[in-house]
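Please look at the sequence and the structure shown here before reading the report that goes with them.

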2 protein chains.
Amino acid sequence: MTDSDLASRPQSLQQVSLFHNLGSDDLTKILERARTRRVEREAFFFQQGDTATALYVLTHGQVRLVQLSPDGNQILLRFIPPQELFGGIAVLGDTVYPASAQAVQDSIALGWDSATFMQLLETFPRLAINALRHLAQRIQELQQRNLELTTERVERRIAHALLRLVQASGRKVEGGVLIDLPLSRQDLAEMTGTTLYTVSRTLSAWQQRGIVEIGRERVLVRLPHGLVAIAEDLPAPAHN
Amino acid sequence: MTDSDLASRPQSLQQVSLFHNLGSDDLTKILERARTRRVEREAFFFQQGDTATALYVLTHGQVRLVQLSPDGNQILLRFIPPQELFGGIAVLGDTVYPASAQAVQDSIALGWDSATFMQLLETFPRLAINALRHLAQRIQELQQRNLELTTERVERRIAHALLRLVQASGRKVEGGVLIDLPLSRQDLAEMTGTTLYTVSRTLSAWQQRGIVEIGRERVLVRLPHGLVAIAEDLPAPAHN
DNA sequence: CGAACACTTGAACCTAATCAATGAGTGTGG
DNA sequence: CCACACTCATTGATTAGGTTCAAGTGTTCG
């Protein structure tokens with residue numbers, strides 16, 4: 001796929017929330033200013049601390065956003081699905097990226113450098129409004145996570161995280177919903193603020209109860225209902 | 001103070017980050033669409049769950065943003081100082097406010113209803129860009145807090161929270177920096193994800209070491225240096 | 001085939017929550 | 001103006017949830 005391929009198919013990008021309600025003409029103009037960037041599995045679009053040069057919309061693949069603490073601890077902020085914006089906070093706010101963006105699979109993204117994007121924002125107010133909506137959404141998610149971290153036990157937090165993954169990356173398969181990502185115990189730990197040991201124990205217990213089926217970097221949710229019961233702290237996980 | 005007072009003094013609002021780089025003419029037009037709203041101490045601008053009708057810029061007073069969890073737990077998201085935007089996330093994103101805004105002191109804010117503000121955003125791209133900057137900033141703060149919650153012990157988190165309060169609301173007084181807000185142990189607990197008991201013990205210990213001086217809803221930081229040492233987990237809190 | 005990696009499980013430990021009782025400061029109404 | 005009530009805060013004792021450390025198993029990949 002080449003730049004012109006993308007530029008010639010603006011309609012394929014109207015489903016990107018950042019580009020909602022933009023006419024084909026405007027969209028074309030915006031896409032003309034983009035550069036496509038390809039990144040291989042495990043490689044980085046950018047690393048935490050790099051000066052923020054560009055922001056991206058993922059077109060193919062999957063990206064992990066991770067943040068490193070000064071003392072070497074890591075947290076997994078979120079997985080970026082295709083069609084989503086990432087790297088925007090740095091461009092708008094600070095001068096350096098506050099997190100690293102790593103490709104989970106070979107990935108392709110459209111990128112705009114900071115100055116260009118700022119111009120576009122001034123030219124196309126809808127673009128700015130869409131970006132605002134996106135950031136507002138992200139803030140809500142972060143506040144939700146904050147709330148969970150401070151008020152919920154580990155087991156509930158893991159249940160919530162899994163349910164979110166089911167929403168975002170679930171694929172219906174025989175006998176349940178598979179989380180369609182390579183997802184290690186460590187990953188889940190970094191998403192929920194616990195250790196891989198506790199995640200392992202928790203998932204094992206759930207497997208005993210038939211709620212999930214686990215494998216190496218793989219989680220299949222057999223009884224979403226049961227997970228919800230745990231997440232909501234309901235009395236009895238009804239057997240359906 | 002009346003609406004016309006505010007509208008006639010646009011220059012006094014150019015220091016509001018939301019209004020940066022807007023000409024006096026534009027600013028006047030924006031202010032014409034605002035309504036001032038007065039709220040007494042302890043009363044609410046809006047409550048979590050209310051349908052989002054307006055967003056505000058605080059002109060006088062001080063506001064607490066708090067979020068309630070389904071199981072009755074509460075977290076203190078942040079204190080809004082004068083000149084700052086609040087209530088924007090709900091207007092841009094969801095349909096209901098995700099948190100409650102309570103006046104700490106008698107307060108006055110400029111308010112725009114959702115539809116009006118959306119129009120303004122389309123008309124004045126700079127306004128949208130400033131809003132984006134603001135939200136980006138907030139996201140960084142939330143991510144930082146997330147990181148702290150998952151990687152730091154309670155004592156360090158409290159130290160960080162206090163240092164932030166010093167930054168935002170510190171007032172230099174004889175013998176240190178006073179946090180110029182009524183700040184209970186419970187408040188600090190809700191900011192750091194712990195209990196008022198632990199906060200109480202921690203502050204008492206710090207008082208023993210001469211780092212702070214505490215009273216009822218009052219914290220005076222005597223040795224900011226010492227707090228930094230705790231927050232950064234440095235070896236020895238050097239005696240200056 | 002060997003090495004690296006992901007995962008599991010047990011045992012010991014520890015931080016911080018919880019529960020309970022008491023003390024101090026503030027405000028209000030008789 | 002004092003007494004009472006209320007809110008805020010302190011401190012001790014106990015407990016539990018989860019981390020940490022350690023040892024070992026199974027899987028994948030070069």
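Predicted model: local features only at pLDDT ≥ 70, side-chain atom pairs only at ≥ 80, totals over all residues.

Residues are numbered from 1 along each chain as its sequence is written, and chains are lettered from A and ligands numbered from 1 in the order in which they are written.

**One chain**

Chain A contains nine helices and twelve strands, where helices (H or I, at least four residues) and strands (E, at least two) are DSSP runs numbered from the N terminus. The radius of gyration of chain A is 19 Å, close to the 18 Å that the globule rule gives for 240 residues, so chain A is as compact as a globular protein of that length; the radius is taken over C-alpha atoms, and the rule is 2.2 Å times the number of residues to the power 0.38. Of the 240 residues of chain A, 38% are buried, a word used when 20 or more other C-beta atoms, placed from the backbone, lie within 10 Å of a residue's own.

**Two chains together**

Chain B is superposed on chain A by a rotation of 180 degrees with 0.0 Å of shift along its axis, at an RMSD of 0.0 Å, the superposition being by least squares on the C-alpha atoms of residues with pLDDT of at least 70 in both copies. This is the relation of a two-fold axis.

In the interface, 34 residues of chain B are in contact with 34 residues of chain A, contact meaning that the C-beta atoms of two residues, placed from the backbone, lie within 7 Å. On the side of chain B that touches chain A, α5(B) gives the most, with 20 residues. Because 100% of the interface residues of chain B are also interface residues in chain A, the copies meet through the same surface.

**Around the DNA**

DNA strand C is surrounded by 20 residues, and the closest are A:Ser184, A:Ser200, A:Ser204, B:Arg153 and B:Thr198; a residue counts as near if its C-beta atom, placed from the backbone, lies within 6 Å of the strand.

Key
Buried ≥ 20, exposed ≤ 12 C-beta atoms within 10 Å, placed from the backbone.
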